[in-house]
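The briefing that follows concerns the structure shown below, and it is arranged by topic for reading alongside the sequence.

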Amino acid sequence: MTDAARGRDPTWAAARRRIEQGDHYCGPDGPRPRRRKVVFTRLLDLFAWGLKLTPLYRRGVDNALDLRRTEFEIAVPGLPAAFDGYRILHVSDTHLDVLPDLVPAARRLLDGVEVDLLALTGDVHGDHHAPVALSADHLMEVLRDVRVNGPRLAILGNHDSEAMADTLERLGFDVLINRSIVIERGTDRLGITGLDDVNSFYTDAAHRALGDSTEACRIALIHSAEMADHAAEAGYALYLAGHTHGGQICLPGGRPVFSTLTRCHHGAVGLWKQGTMTGYTNSGLGVAYPPVRFNCRGEVAIITLRGGR
């Protein structure tokens, strides 16, 4: 199936590959040299090497396997009456190829869950040396016992290559790449817009896509919080993100040592506000290397929408 048949801009894949193979990453504020991430990755490798020499490494891995299911309600101004009580399973940053032991733990966590919408906000892949299909297969094993009564939507993250879009489509996801869809319940309508990753693969198409949906009530699925100001200005009511892993390694009290955001830093963890828009940054199911967590638990979130005034 062609990109056009899937509703994608037919120029998207080529533009994505050019950034993937280029010397710079691109964010909403412009390009930044890829070498910065190379330096950061080498520092992480050094940190991981030292950590493995201590008992803290095993403790950190155990922490990463200690997942939680977060359930809460969000009041959404202008939510159509038919969507009051609408349940969204928000999953992000699974990275199951990095720590496969998460698969049985996550499957137990989700056993018997029933929702109206599954929203996957990017970074299914983790280890760039692992096959894309392996990460996706692990994800499907985790979700095997989840009942989804409506759409299964996905977007790409900064660790996901262009090839991940087709892989997820084959597994039954509708992958939103700078485009919007409408969910209908009777005569009521809810708009959902999904963007390609804006942390590393931003193009002007992402900004334009925020204005494409004309529904009165809209939700944005964007891998990182770095478009929060633009989405709020465009009139979105809810913004679901991931990317930061909640910090993954945090100070006591859950304050991230690094947020990995280039802008909109207030959206690094959990619930936040941008004007009248509510945002939620999922701490992620999985981990990046090294596969440890401190003062920050991995999660899946079940969000129930309620009508706001």
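**Cysteines**

- In this predicted model, Cys-296 counts as buried because its relative accessibility is 11%, which is under the 20% limit for that class.
- The cysteine sulfur closest to that of Cys-296 belongs to Cys-250 and lies 4.2 Å away, which is too far for a bond, since a disulfide is counted only for sulfur atoms within 2.5 Å.
- Cys-26 has its closest cysteine sulfur in Cys-264, at 17 Å, and this separation is likewise too far for a bond.
- A disulfide is a covalent bond between the sulfur atoms of two cysteines, and by the distance rule applied here the count comes to 0 disulfides.

**Overall build**

- The protein contains 8 helices and 18 strands, and its C-alpha atoms fill a box of roughly 60 × 40 × 40 Å when this is taken along the principal axes.
- The radius of gyration is 18 Å, which agrees with the value near 19 Å that a compact globule of 309 residues would have.

- Six strands form an open sheet with mixed pairing, in the order β3-β18-β4-β6-β8-β9, and its edge strands are β3 (68–77) and β9 (174–175), each of which pairs on one side only.
- Strand β4 (residues 87–91) is mostly covered, given that 4 of its 5 residues are buried.
- On one side, β4 pairs with strand β18 (residues 299–308) in the antiparallel sense over 4 bridges, and within this pairing Arg-87 stands opposite Thr-304 while His-90 stands opposite Ala-301.
- β4 is also joined by 4 bridges to strand β6 (residues 117–121), and these two strands run parallel; here His-90 stands opposite Ala-119, so that His-90 has a residue opposite it in β18 as well as in β6.
- In a regular strand the side chains alternate between the two faces of the sheet.

**Ile-155 in strand β8**

- Ile-155 lies in strand β8 (residues 152–155), and it counts as buried because its relative accessibility is 0%.
- Leaving aside residues up to four places away in sequence, Ile-155 touches a set of residues that includes Leu-120, Thr-121, Gly-122, Asp-160, Gly-194, Leu-195, Ile-222 and His-223.
- Leu-176 and Leu-221 are also among the residues that Ile-155 touches, and the C-alpha atoms of Ile-155 and Leu-176 are separated by 5.5 Å although the two residues are 21 residues apart along the chain.

**The open sheet that contains β11**

- Another open sheet of 6 strands, also with mixed pairing, has the order β10-β11-β12-β13-β17-β16.
- Strands β10 (179–185) and β16 (270–274) stand at the edges of this sheet, and because each has a single partner strand, one side of each is left without a neighbour in the sheet; from one strand to the next, the twist averages 20 degrees.
- Within this order, strand β13 (residues 238–241) and strand β17 (residues 277–281) run parallel and are joined by 4 bridges, with Leu-240 having Tyr-280 as its bridge partner in β17.

- The side chains of Thr-193 and Ser-180 are joined by a polar contact of 2.6 Å.
- Not counting residues up to four places away in sequence, Thr-193 touches Ser-180 along with others that include Leu-176, Arg-179, Ala-209, Ser-213, Ile-219, Ala-220, Leu-221 and Tyr-236.

**Trp-49 in helix α2**

- Trp-49 lies in helix α2 (residues 35–51), and it counts as exposed because its relative accessibility is 58%, which is over the 50% limit for that class.
- Trp-49 and Pro-290 are 241 residues apart in sequence, yet they are 9.0 Å apart in space, C-alpha to C-alpha.

Methods:
Residues are numbered from 1 along each chain as its sequence is written. This is a predicted model: local features need pLDDT of at least 70, side-chain atom pairs count only at pLDDT 80 or more; totals for chains, interfaces and linings use all residues. Side-chain values use heavy atoms; hydrogens and water are left out. A polar contact is a pair of N or O atoms within 3.5 Å; within protein, one must be able to donate a hydrogen and the other to accept it, and residues adjacent in sequence count only if both atoms are side-chain atoms. Contact means heavy atoms within 4.5 Å. Buried means under 20% relative accessible area, exposed over 50%, partly exposed in between (1.4 Å probe, protein chains only). Two strands pair if DSSP finds at least two bridges between them. Axes are lines fitted to C-alpha atoms, for helices over the stretch in contact, and angles run from 0 to 180 degrees between N-to-C directions. The radius of gyration is taken over C-alpha atoms; the globule rule is 2.2 Å times the number of residues to the power 0.38.
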